[in-house]
Amino acid sequence: MPISLTLSSLKFLLLIILISISQTFGQEDPLYRREARFHPVVARSAMVATENKYATQAGLQILKEGGNAVDAAVTIGFTLAVAYPRAGNLGGGGFMLIYLADSHQVLSIDYREKAPVDASRDMFLDEEGKADKEKSRHSILSAGIPGTVAGLTLALEKYGTISLKRALQPAIELASRGFPVDLELSKSLTQVKGRMESSQASMDIFYKKGGETYSEGETLIQKDLAWSLKQIADNGPGSFYNGAIAKKIDSFMKQNGGLITSHDLKSYKAVTRKPVQGEYRGYKIYSMPPPSSGGVHVIQMLNILEQFPLSSFGHNTAKTIHILAEAMKYAYADRSKHLGDPDFSPIPVSELTSKKYAKFIKDKIDTEKITPSRDISPGNLNLQEGNNTTHFSVMDRYGNAVSNTYTLNFSYGSKITVPGTGILLNNEMDDFSAKPGSPNAYGLVGGKLNAIAPEKRMLSSMSPTIVMKDGRPFLITGSPGGGRIITTVLQIIINVIDFDMNISEATNAVRVHHQWLPDELKAEKGLNEDTVNILREMGYRVVIGNTIGVAESIMQKEKYLYGASDPRRPGGLTAGY
Ligand code: DON
C-alpha cells in the first residue's frame with residue numbers, strides 16, 4: 001500500500017514537472033513554441049527576408065562574414081537581378097530605407113527612374129487625345145532612365161563596408177554559371193512569352209532556341225547579364241551611366257526610336273532624402289517620401305485609424321474593414337491630386353501626415369455608414385501651390401536595418417532587353433499620369449503634379465517602411481503590388497500592433513484594398529462569408545479576387561528576430577542565424 005502510494009505520487013510529480021517544463025519552453029523560448037499559430041522564422045542575430053532563395057542565401061552569407069545590413073541589401077539587389085528577373089533588375093529603379101544603429105538615424109535613398117529629357121506631357125496620347133496604353137506600357141518609350149545601379153552603389157559607397165566586387169560576386173556567378181529554373185520562373189516566363197516576342201534579345205536569353213520555355217530544373221544562363229555585372233564590378237557605376245553599358249543602351253535607343261540618350265544616363269543621380277515620419281500608438285513610423293506616395297499615405301491612414309479602437313472592433317470584422325476602407329478612400333483621393341515629384345512641385349507632406357488633418361477626416365467617417373467614393377474628393381489643403389516589384393528586408397547583428405523595394409513595374413518590365421547587356425528595361429513611364437483622370441495600369445488616377453515632364457520622377461506607391469519601438473527597429477516591411485502596396489503595408493502594421501499577431505500571422509492574414517476609384521472593395525479569397533455579406537448590405541461593392549501584395553518582413557522583439565516570407569509567392573525565403 002505505502003509503496004503503490006509512493007509510486008503514484010511519484011508519477012504525479014513527474015507529470016507536473018513535464019508539464020511545467022513544456023510550458024516553460026513554450027512560453028519562454030520562441031525557438032520551441034508550441035501554440036497553434038503560424039510560426040515565423042526565428043533567429044538571434046541577423047536575418048534576411050526576400051522573394052528568392054538565392055538572394056536570401058547571398059545576403060545571409062554577407063551578414064555571417066561580418067558585413068552590415070547595407071552590404072547584404074546591395075548584394076541581394078544585384079542577385080535578384082539575375083535570379084528573380086521578373087522584378088529584380090539593373091534596368092529599373094526603387095527606394096531604400098536604412099536605419100543606422102550607430103547614429104540612430106533613418107534615411108532613404110531614392111533611385112526611382114526619371115523621364116528622359118526628350119519626354120513630353122502628351123507623349124502617350126493618340127490622335128484623338130486618348131491615353132495609348134500600348135505605348136506607355138509595352139513600347140520602348142515606356143522605359144524611364146534606370147536608377148538601380150546608381151542607388152545600390154550609392155548605398156554601398158556611403159553606408160556599406162564591403163567592396164563592390166564582393167557585393168556583385170554572387171550575381172556574377174549565378175548569371176555566368178546559371179541556376180536551375182524553378183516552377184515559378186518557368187510559369188511566369190510562359191505567361192509573358194507573347195509580349196517577350198517583340199524583343200529578340202529577351203527571347204534569346206529567357207527561352208530555348210525555337211522559343212520553348214525552360215522547364216523546372218533546367219539551367220538558365222545569362223551571359224550578357226554576367227558581362228554587364230562584371231563591367232560594374234570592374235569599373236563601377238560609371239560603366240552603366242557613362243561607359244560600355246551606356247554606349248549599348250544609347251545606340252539601341254537610337255536605332256529603335258527610344259528616348260533615353262547618353263546625356264540622360266550621364267546626368268542620372270540617385271538622391272538621399274529625409275524619410276516621412278509618423279507616430280502610431282506609441283510606435284515611430286518611418287517610410288518613403290515623395291516621389292513615392294507610399295510613406296505619406298501609410299502614415300495618413302494610420303493617423304486616421306489611431307482614432308478608432310480597432311483591436312476591440314476585431315481583426316477583419318465588417319466594422320474594422322469599413323473603417324479601413326473609409327481611410328483608404330480619403331488617402332487615395334488625396335494621392336490623385338497632391339502627390340508627385342518633389343523636385344518639380346511642393347508636395348504637402350506635413351499637411352497630409354498631420355494628426356490635425358487626420359482628425360478632420362475622422363470626423364467625416366460614420367462607423368455604421370459607407371461614404372460612396374463620389375462623395376469624397378481630394379482634400380482642400382492649404383497649399384503654397386502595380387505586375388511586378390519586389391521587396392526585401394534585412395537586419396544585421398549590429399542593429400542596422402534595410403527595407404528596400406525596387407521594380408521594373410510590370411513582370412519583366414517592358415519585356416525589352418538591351419542587346420548585348422542582358423538588361424531588361426522597365427516600363428515605369430506608365431506610372432505617370434498620361435492624361436488627368438486616365439488611370440494607369442493599377443487603376444490609379446493622377447493630375448498635374450504627376451504629368452510627364454523631362455527629367456521628372458513618376459509617382460510611385462512603393463512603401464519600404466521601418467517601425468521603431470523604444471529607439472530600435474521593431475518591424476521592417478514592404479511589398480510589391482502597384483497601388484495595393486500602400487494598403488498591404490498598412491495592414492501588416494495594424495495586424496502586428498492592433499491585433500497582436502506574430503509576423504507570420506500578420507503576413508498570412510487575408511487582406512482588403514480600396515483605392516477610392518473605382519469604388520469597390522477588393523478582398524482576398526478567405527474573407528469570412530458573413531463579413532462579406534454584412535459589407536455588401538452596407539453598400540460595398542465587394543470584389544473577391546487576386547491576392548493583394550507580397551510582404552517580406554522582419555520583426556524584432558526582445559532578444560529575437562522573427563521573419564516571414566509571404567506565402568502568396570511561394571519562392572521566397574526568410575533565414576537568419
Ligand atoms: O512604383 C510603383 O508604384 C509601381 N511601378 C509598382 C509596380 C508593382 O508593384 C507591380 N508589382 N506587383
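The stops below run from the whole chain to single residues.

**Before selecting**

The model is predicted: local features need pLDDT of at least 70, side-chain atom pairs count only at pLDDT 80 or more, and totals for chains, interfaces and linings use all residues. Residues are numbered from 1 along each chain as its sequence is written, and side-chain values use heavy atoms, with hydrogens and water left out.

**Stop 1: the whole chain**

Display the chain as a cartoon; it has 20 helices and 21 strands. These elements are DSSP runs numbered from the N terminus, helices being H or I of at least four residues and strands E of at least two. The radius of gyration is 24 Å, close to the 25 Å that the globule rule gives for 577 residues, so the chain is as compact as a globular protein of that length. That radius is taken over C-alpha atoms, and the globule rule is 2.2 Å times the number of residues to the power 0.38. Along the principal axes, the C-alpha atoms fill a box of roughly 100 × 55 × 50 Å.

Of the 577 residues, 62% are buried. Buried means under 20% relative accessible area, exposed over 50%, and partly exposed in between, with a 1.4 Å probe and protein chains only.

**Stop 2: helix 9**

Select residues 223–235, which form helix 9. Its 13 residues should span 18 Å at 1.5 Å a residue, and the end C-alpha atoms are 18 Å apart, which agrees. The expected span is 1.5 Å times one less than the number of residues.

Which residues of helix 9 are buried? They are Leu225, Ala226, Ser228, Leu229, Gln231, Ile232 and Ala233. These buried residues pack against several elements, including helix 3 (69–83), helix 5 (148–159) and strand 13 (423–424). Contact here means heavy atoms within 4.5 Å.

**Stop 3: two cis peptide bonds**

Most residues other than glycine have a negative phi, and most peptide bonds are trans. Select proline 290 and proline 291, which are joined by a cis peptide bond with omega of about 20°. Proline 291 is in the loop between strand 9 (283–287) and helix 13 (294–305).

Next, select leucine 517 and proline 518: the peptide bond from the former to the latter is cis, with omega near -5°. Proline 518 lies in the loop between strand 16 (512–513) and strand 17 (521–524).

**Stop 4: two glutamates with positive phi**

Glutamate 455 has phi near 65° and is found in the loop between strand 13 and strand 14 (465–469). At 31% relative accessibility, glutamate 455 counts as partly exposed.

Glutamate 558 has phi near 45° and lies in the loop between strand 19 (552–557) and strand 20 (560–565). Is glutamate 558 buried or exposed? At 69% relative accessibility, glutamate 558 counts as exposed.

**Stop 5**

Select threonine 390 in strand 10 (residues 388–395). Threonine 390 counts as buried, at 0% relative accessibility. Leaving aside neighbours within four places in sequence, threonine 390 has contacts that include Glu51, Tyr84, Asn404 and Pro480.

Finally, select serine 336 in helix 15 (residues 318–338). Serine 336 counts as buried at 10% relative accessibility. Leaving aside neighbours within four places in sequence, serine 336 is in contact with Pro378, Val445, Gly446, Gly447 and Trp516.
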